[in-house]
Amino acid sequence: MRKLEKIVEEFAENVAAQTDAIMRGDSKTGNKHANRYIAALKKLRSEGNVGRDALSVLLKHPRSDVRVGAAAFLLRYRTAEAKAVLEAAASGGGVAAINATMVLKHWEDGTWNLDPE
């Protein structure tokens with residue numbers, strides 16, 4: 001399980017780093033971190049539901065951007081929990097609120113496709 005925990009940690013660290021870069025106006029660094037968390041997500045998805053379960057611990061992460069990042073990818077697998085995280089974040093402020101609002105919009109209009117079956 002340690003391998004999956006390390007990948008989950010990579011995901012969380014890079015989501016947070018991307019948000020921090022965006023807040024500084026540094027899109028180049030932000031994109032670098034986005035590529036890293038997407039790579040971590042692909043590794044987790046390759047493990048199937050075990051990888052999704054590992055990612056789900058981030059639904060309770062202290063940073064809202066990390067919670068939203070995890071929830072966005074877990075909507076199909078953990079719908080009720082993920083929606084609750086997204087709805088709570090959408091009512092807040094900052095980058096996490098914007099991301100949460102967009103994810104919920106795509107989920108509701110049927111265009112969400114972050115974790116196809």
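**Close-up views of a predicted model**

**View A. Arg2 and Glu5 pair up in helix 1.** At 54% relative accessibility, Arg2 counts as exposed, because the cut-off for exposed is over 50%. This view, like the others, comes from a predicted model. Arg2 forms a salt bridge with Glu5. Their closest N and O atoms lie 3.5 Å apart. The two residues are 3 residues apart in helix 1, so about one helical turn separates them. Glu5 is partly exposed, at 40% relative accessible area.

**View B. A salt bridge joins Arg63 and Asp20.** The closest N and O atoms of this pair are 2.9 Å apart. Arg63 sits in the loop between helix 3 (49–55) and helix 4 (64–74), while Asp20 belongs to helix 1, so the pair ties together parts that are 43 residues apart in sequence. Arg63 is partly exposed, at 29% relative accessibility. Asp20 is partly exposed too, at 33%. Asp65 joins Asp20 and Arg63 in a network of salt bridges.

**View C. Glu81 forms a salt bridge with Arg78.** Here the closest N and O atoms are 3.4 Å apart. Glu81 has a relative accessible area of 39% and is partly exposed. Arg78 is also partly exposed, with a value of 23%. The structure holds 9 salt bridges.

**View D. Asn14 is buried.** Asn14 lies in helix 1, which covers residues 2–24. Its relative accessible area is 10%, so Asn14 counts as buried: the cut-off is under 20%. Leaving aside neighbours within four places in sequence, Asn14 is in contact with His33, Arg36 and Tyr37.

Key:
Residues numbered from 1 in each chain as written. Predicted model: local features only at pLDDT ≥ 70, side-chain atom pairs only at ≥ 80, totals over all residues. Heavy atoms only, no water. Helix = DSSP H or I, 4+ residues; strand = E, 2+ residues; numbered from the N terminus. Buried < 20%, exposed > 50% of the residue type's maximum accessible area, 1.4 Å probe, protein only. Contact = heavy atoms within 4.5 Å. Salt bridge = Lys/Arg side-chain N within 4 Å of Asp/Glu carboxyl O.
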